[in-house]
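Subject: Structure handover

Hello,

I am passing on the structure we spoke about, placed just below. My notes on it follow.

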Amino acid sequence: MFDLIVCLLLLVGISACVAEFYFVAAYVHSGFGKYPPFFPSFGKMKKVCLLEAEKYLRAAEGRLKIADLGCGSGSLLIPLAKKFPNHEFYGYDWDVVPFAIASFRARHLKNIRLFCKDFTKTDFVKADLILIFGGKKLFAEWGENFIASLRPGTQIISEVFPLPQLKPLAEIETPSYGMPLKVYIYQTTKKRLAK
């Protein structure tokens, strides 16, 4: 029994060291915090994001292109792609670990394409709906170019972080596990740009 406890404690210790190493390496690889760390959508925040995306997709006519920037392990992208097989879904993540998880989870879905790359160097002018998990630093450095590159009418659902360049259509409180989180809904038009 003592040997089993020692083995379990050793396993927990090794797992904690591997996780810590991963988070430090990911922080350095992200340009020292340019991109937020892997943070899967969860709780009320995930439900609200899915609900808002589903409302938009149900009301749409024709085949839409949906981009998930910072898709992580696919916690939003995969359920939406399963529910709406007639639309095209594109997931982007800079981190190879969540990208590998998402790739494995989406391996049987024909309407998803995943990319392990810096999405700030990609053009989203053809996207109809964008899901994004960014960050203050990322939005401050890249947000204006991102918004300017989108066509009018593009819907954006941002988890946790507001886009300072746009006025939100809605801010939805999504407290989860004691954290005061929000989901921000935007639609690009020339008139809604904040100055």
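Lys65 counts as partly exposed, because its relative accessibility is 25%, and the cut-off for buried is under 20%. Please keep in mind throughout that this is a predicted model. The side chain of Lys65 meets that of Glu88 in a salt bridge, with 3.0 Å from N to O. This pair links distant parts of the chain: Lys65 sits in strand β1 and Glu88 in strand β2, 23 residues apart.

Glu88 has another partner. It also forms a salt bridge with Arg63, where the closest N and O atoms are 3.1 Å apart. Glu88 itself is buried, as its relative accessible area is 18%.

Another of them joins Glu52 to Lys55, with the closest N and O atoms 3.0 Å apart. These two are 3 residues apart in helix α2, so about one helical turn separates them. Glu52 is buried at a relative accessible area of 16%, whereas Lys55 is partly exposed at 44% relative accessibility. There is also a network of salt bridges that links Glu54, Arg58 and Lys83.

Now the chain as a whole. It has 195 residues, and 44% of them are buried. Its secondary structure comes to 5 helices and 7 strands. Read from the N terminus, the order of elements is α-α-β-α-β-α-β-β-α-β-β-β. If you take the contacts between residues at least 6 apart in sequence, 66% of them join residues at least 24 apart. The chain exposes about 11000 Å², of which carbon and sulfur atoms supply 64%.

Which residues have the most contacts inside the largest nonpolar core? They are Leu57, Leu80, Phe89, Ile112 and Ile157, in a core of 27 residues. Two or more residues of this core come from each of α2 (43–59), α3 (77–83), β4 (129–132) and β7 (182–187). The element that gives the most is α2, with 6 residues. Leaving aside residues up to four places away in sequence, Leu57 touches Leu64, Ile66, Leu80, Phe84, His87, Phe89 and Leu129. There is a second, separate core of 20 residues, and Ala67, Tyr90, Trp142 and Ile147 are among its members.

Ala106 lies in the loop between α4 (96–105) and β3 (112–116). Is Ala106 buried or exposed? It is buried, because its relative accessible area is 7%, and the cut-off for buried is under 20%. Not counting residues up to four places away in sequence, Ala106 touches Ile78, Ile112 and Leu114. Pro79 is 27 residues away from Ala106 in sequence, and their C-alpha atoms are 9.7 Å apart in space.

The loop between β5 (155–159) and β6 (170–173) holds Gln165. With a relative accessibility of 12%, Gln165 counts as buried. A polar atom of the Gln165 side chain lies 2.9 Å from the backbone oxygen of Phe139.

Val160 is found in the loop between β5 and β6 too. Its phi is near 70 degrees, a positive value in a residue that is not glycine. For comparison, most residues other than glycine have a negative phi.

Last, the surface at the start of the chain. Met1, Leu4, Ile5, Leu8, Leu9 and Leu11 make a nonpolar surface patch of about 670 Å². One of these residues, Leu9, is found in helix α1 (residues 2–29). Leu9 counts as exposed, because its relative accessibility is 61% and the cut-off for exposed is over 50%.

Regards

Conventions. Residues numbered from 1 in each chain as written. Predicted model: local features only at pLDDT ≥ 70, side-chain atom pairs only at ≥ 80, totals over all residues. Heavy atoms only, no water. Helix = DSSP H or I, 4+ residues; strand = E, 2+ residues; numbered from the N terminus. Buried < 20%, exposed > 50% of the residue type's maximum accessible area, 1.4 Å probe, protein only. Contact = heavy atoms within 4.5 Å. Areas by Shrake-Rupley, 256 points an atom, 1.4 Å probe, with all protein chains shown as cover. Polar contact = N/O pair within 3.5 Å; in protein donor to acceptor, adjacent residues only side chain to side chain. Core = buried A, V, L, I, M, F, W, Y, C linked by side-chain atoms within 4.5 Å. Patch = residues over 30% accessible without salt bridge, like charges linked within 9 Å, V, L, I, M, F, W, Y side chains within 5 Å. Salt bridge = Lys/Arg side-chain N within 4 Å of Asp/Glu carboxyl O.
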